[in-house]
Amino acid sequence: MKIFKVGESQKAACNKCQSFENATFQLRDVPFSDGRGIVKNVLVGVCDKCDSVTVLPHQSTPAVKRQYEARRKPVEGRLPAHLIDILNLATLEIGASTDFVPSMMKYYIHKLSEDEKAAKKIAQYLKSELASGRSEKRLSLKGRQIFDDIEHLKALTHIENTTDLLKSIILKINEDVLVKRRSKPIENLRNIMAAVA
Amino acid sequence: MGFKDAKRQVIECLEKGLVSHEVRDDIDVKNLLAIGRVTLEAGLVYQVVLCRAEQRIH
């Protein structure tokens, strides 16, 4: 892979000049084409003739990716208070603090999105008495992968509504950690807790 | 340069990471390689497995 430094240059097609011109690599702020955000201070090739950005070297892709994914809104849902209490109790059970709730949810969302068989079973939890109640608390989950995992899980479970999906995941956690006390998920959660503590 | 030669060169560039993306004042969000949603390896698979003779290589 060729790594470019600020000040180096190469020939590149310039759309404004309608020709191949020398482009010098500089740090610039470059917007996304859909108008939703800017990648700040990223290495790009700039046309020496007209000063427009003409080249994005591959080494800048991770910075672009990070900014692109940061635009995503968090996954949120309004939930009955007792479901948030279940999450808090689950963190207590594994020896963590309530700060661990988002990590625990993201772990389950990702794990279920990769296990079609397990994912298809969680819709049944929506029939439980615990799935109902006034939605007085909010759960917000941020992360680069969360949006894709949630969309994939919606397709697997056929649960279209984000809040219903979150409810079924929480009740799955309830069954694994608090009711049946399954050793494997509890051990996995303890390992993750140790990594993020 | 014929299609086969062009394809060979694209594959070589993808293998070695010798890739840059054209920018027209902004970063095209439809360019999945540029925004990192598709890896070079996936792009390589596309070229090797799926690229057909009637498609142009840019």
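Okay, quick one on wording before I start: when I say two residues touch, or are in contact, I mean heavy atoms within 4.5 Å. And keep in mind that this is a predicted model.

So, with that in hand, let's begin at G37(A). Leaving out residues up to four places away in sequence, G37(A) touches P31(A) and F32(A). You'll find G37(A) in the loop between strand 2 and strand 3 of chain A, the latter being 38-47. Its relative accessible area comes to 29%, so G37(A) is partly exposed. Also, look across to R71(A): that residue is 34 residues away along the chain, and the two C-alpha atoms are separated by 7.2 Å.

Next up, E21(A), which sits in strand 2, residues 19-31 of chain A. Is E21(A) buried or exposed? Buried, because its relative accessibility is 17% and the cut-off for buried is under 20%. The side chain of E21(A) makes a polar contact of 2.6 Å with the side chain of S19(A). Setting aside neighbours within four places in sequence, the contacts of E21(A) include Q10(A), K11(A), C47(A) and K49(A).

Helix 3 (residues 101-113) and helix 5 (residues 146-157) of chain A pack with their axes 9 Å apart, at an angle of about 50°. That angle is why we call helix 3 and helix 5 of chain A oblique to each other. Their crossing is left-handed. Among the residues making that contact are I109(A) and L112(A) from helix 3, plus I150(A) and L153(A) from helix 5. By type, the contact residues split into six nonpolar, three polar and two charged.

That's me done, thanks.

Definitions and conventions. Residues are numbered from 1 along each chain as its sequence is written. Chains are lettered from A and ligands numbered from 1 in the order in which they are written. This is a predicted model: local features need pLDDT of at least 70, side-chain atom pairs count only at pLDDT 80 or more; totals for chains, interfaces and linings use all residues. Side-chain values use heavy atoms; hydrogens and water are left out. Helices (H or I, at least four residues) and strands (E, at least two) are DSSP runs, numbered from the N terminus. Buried means under 20% relative accessible area, exposed over 50%, partly exposed in between (1.4 Å probe, protein chains only). A polar contact is a pair of N or O atoms within 3.5 Å; within protein, one must be able to donate a hydrogen and the other to accept it, and residues adjacent in sequence count only if both atoms are side-chain atoms. Axes are lines fitted to C-alpha atoms, for helices over the stretch in contact, and angles run from 0 to 180 degrees between N-to-C directions. Angles under 35 degrees count as roughly parallel, over 145 as roughly antiparallel, 65 to 115 as roughly perpendicular and the rest as oblique. A crossing is left-handed if the near helix is turned anticlockwise from the far one by less than a right angle, and right-handed if clockwise. Ala, Val, Leu, Ile, Met, Phe, Trp, Tyr, Cys and Pro count as nonpolar, Asp, Glu, Lys and Arg as charged, and the others, Gly among them, as polar.
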